[in-house]
Amino acid sequence: MNEQADVGYRDFQRWHPSVEVAFWVSLYTLNTVFNGIVAQIDNARTAAWEPWVWESSSSLLVLLLIPFVKAVERRWPFRFDTWRHSLSWHLLASVAFSLVHVAGMVGLRKLAYGMVGWHYRFGAWWPNFGYEYLKDIRSYFIIVAMICLSRLWLLRQQGEAKLLAEPDEGPPVEPVERPQRFLVRKLGKEFLVNASEIEWLQAAGNYVNLRVRGRDYPLRSTMAGIEARLDPARFLRVHRGYFVNLDYLVEIEPLETGDARLRLRDGSAIPCSRRYRAALRERYGSPVAAE
């Protein structure tokens, strides 16, 4: 693996939330500036500040709605293999997106106009909403496309795990039902990760993240689907969204709620719910470390 690329990716991960916010704010600031200039030219008879109120109110509402679009895309991922199923949900979400966008920006414009003693008139709601929706559906899917492109870039930098495929001819080299290794693709290269090196697994939407040496490798699977393929002598489910490799577990920290916090060799902590805690204790026959 490229060590310099790894360092760059880790640095990006650390700053990713701030970079993402800065990206969207910068994008819609530029969009506001360019659209404001065009609107001012097209509406030369209006007060100089009016086009800027129109454009800035619209951009501000879109920025506030981006977390909603991301949540919808996480719930119904827009990928090559899922887009037909997801499209109808995204079309419905785009209507909600547009309704909130239009209502919010009209409210902001009325507030701005009222501050100078003027009255803002949006006009007939449905004809104007239809016009706004044609613009909003384009904005909605542009945001979805940028989210998808960002995910593809992150997966390429991070690496994505796959189960070893059964050969077309002849017996498999190793058991396919309970794999000893996973295939990981990263930066155009492929390498194998031993199942014994996986520290824990975490549910992430339609993926399961495999934690290996401080890195998460997303595997296209559900928790139920991967559970049947894990070695029960090594992996134990400790939470609705987590499996832990018992070889890496060093401490169980009980919590007042009846749940627990599990400490691993590298100092990481993952949750253990009350439902699975008893099975963990039974596996060891006695409390671990802190108990």
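**Close-up views of a predicted model**

**View 1. Asn-209 sits in strand β5.** Helices (H or I, at least four residues) and strands (E, at least two) are DSSP runs, numbered from the N terminus. This is a predicted model, in which local features need pLDDT of at least 70 and side-chain atom pairs count only at pLDDT 80 or more, while totals for chains, interfaces and linings use all residues. Residues are numbered from 1 along each chain as its sequence is written, and side-chain values use heavy atoms, with hydrogens and water left out. Asn-209 is buried, at a relative accessible area of 15% (buried is under 20%, exposed over 50%, partly exposed in between; 1.4 Å probe, protein chains only). Beyond its neighbours within four places in sequence, Asn-209 has contacts (heavy atoms within 4.5 Å) that include Trp-200, Gln-202 and Tyr-217.

**View 2. Here is the largest nonpolar core, with 17 residues.** Such a core is a set of buried Ala, Val, Leu, Ile, Met, Phe, Trp, Tyr and Cys residues joined through side-chain atoms within 4.5 Å. Phe-182, Ile-198, Leu-201, Leu-210 and Ile-226 have the most contacts inside this core. At least two core residues come from each of β2 (181–186), β5 (207–212), β6 (215–220) and α5 (223–227), and β5 gives the largest share, three residues. Setting aside residues up to four places away in sequence, Leu-210 touches Phe-182, Ile-198 and Leu-201, among others.

**View 3. Glu-132 and Lys-135 form a salt bridge in which N and O are 3.6 Å apart.** The term means a side-chain nitrogen of Lys or Arg within 4 Å of a carboxyl oxygen of Asp or Glu; by this rule there are eight. Because they are three residues apart in helix α4, Glu-132 and Lys-135 are separated by about one helical turn. Glu-132 is buried, at 9% relative accessible area, whereas Lys-135 is partly exposed, at 31%.

**View 4. Glu-227 and Arg-237 pair in a salt bridge, at 3.4 Å from N to O.** This pair links distant parts of the chain, with Glu-227 in helix α5 and Arg-237 in strand β7 (residues 235–239), ten residues apart. Glu-227 is partly exposed, at 36% relative accessibility, and Arg-237 is buried, at 17%.

**View 5. Arg-263 and Glu-253 meet in a salt bridge, their closest N and O atoms 3.4 Å apart.** Arg-263 belongs to strand β10 (residues 260–264) and Glu-253 to strand β9 (residues 249–254), so the pair ties together parts ten residues apart in sequence. Look for Arg-261 too: a network of salt bridges links Glu-253, Arg-261 and Arg-263.
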